[in-house]
Amino acid sequence: RAPRRSSVLDDDDARTMAEAHLSSLGFSDDELRKIKLRFGSSFVPDLEDKVKPILQWLSEMGLTDLEVHKVVVVFPMVFRSRLEETLKPMALWLKGLSMDDSQV
């Protein structure tokens, strides 16, 4: 008999610190499921080094809370990116192509 496959969010104890933080910011359980499914089997980005700085930077780029939610749900891999080495240089490059913050 095959072992029972656990759900993406079995219970609160199974949540990572990143999930708990996103939940506290208003991400629904459904959004968290989508994030985990798109991110991969182990959604464990570092809260202090990845999640918080990237969320803050997205807000500083002028994204609304709803837009930040959309970015994270559609592209949770953003939390695997390096803010200083990848995301900020990419944004500067796109701005160099005459794109404004909302387009970047």
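Visitor: What percentage of the residues of the protein chain count as buried?

Guide: A residue is called buried under 20% relative accessible area, exposed over 50%, and partly exposed in between, with a 1.4 Å probe and protein chains only. Of the 104 residues of the protein chain, 33% count as buried. This is a predicted model, in which local features need pLDDT of at least 70 and side-chain atom pairs count only at pLDDT 80 or more, while totals for chains, interfaces and linings use all residues. Residues are numbered from 1 along each chain as its sequence is written, and side-chain values use heavy atoms, with hydrogens and water left out.

Visitor: How many helices and strands does the protein chain have?

Guide: Helices (H or I, at least four residues) and strands (E, at least two) are DSSP runs, numbered from the N terminus. The chain has five helices and zero strands, and its pattern along the sequence is α-α-α-α-α. A contact means heavy atoms within 4.5 Å. Among contacts between residues at least 6 apart in sequence, 66% join residues at least 24 apart.

Visitor: Which residues of α1 are buried, and which are exposed on the other side?

Guide: An α-helix has 3.6 residues a turn, so residues three or four places apart point the same way. In α1 the buried residues are Ala 18, Glu 19, His 21 and Leu 22. These residues cover an arc of only 160 degrees around the axis, which puts them on the same side of α1; the arc is that of the directions from the helix axis to the C-beta atoms. Met 17 and Ser 24 are exposed on the other side of α1. The cover over the buried residues of α1 includes α2, α3 and α4. After α1 comes Gly 26, with a positive phi near 105 degrees.

Visitor: Which residues of helix α2 are buried?

Guide: In helix α2 (residues 29-39), they are Leu 32, Ile 35, Lys 36 and Phe 39. Viewed down the axis of α2, the buried residues fall within an arc of 95 degrees, so they line one face of the helix. They pack against α1 (17-24) and α4 (65-74). Gly 40 follows α2, and its phi is positive, near 130 degrees.

Visitor: At what angle do α1 and α2 pack?

Guide: Two packed helices are described by the angle between their axes and the distance between the axes. The axes are lines fitted to C-alpha atoms, for helices over the stretch in contact, and angles run from 0 to 180 degrees between N-to-C directions. For α1 and α2 the angle is about 145 degrees, and their axes are 10 Å apart. The contact is made by Glu 19, Leu 22 and Ser 23 of α1 together with Leu 32, Ile 35 and Lys 36 of α2.

Visitor: How many salt bridges are there?

Guide: Side chains of opposite charge can pair when their charged atoms come close. A salt bridge is a side-chain nitrogen of Lys or Arg within 4 Å of a carboxyl oxygen of Asp or Glu. By this rule there are four salt bridges. One of them joins the side chains of Lys 36 and Glu 19, at 3.7 Å from N to O. This pair links distant parts of the chain, with Lys 36 in helix α2 and Glu 19 in helix α1, 17 residues apart. Lys 36 is buried, at a relative accessible area of 13%, and Glu 19 is buried at 0%.

Visitor: Which residues does His 69 touch?

Guide: His 69 lies in helix α4 and counts as buried at 13% relative accessibility. Not counting residues up to four places away in sequence, His 69 touches Leu 25, Gly 26, Phe 27 and Glu 31.
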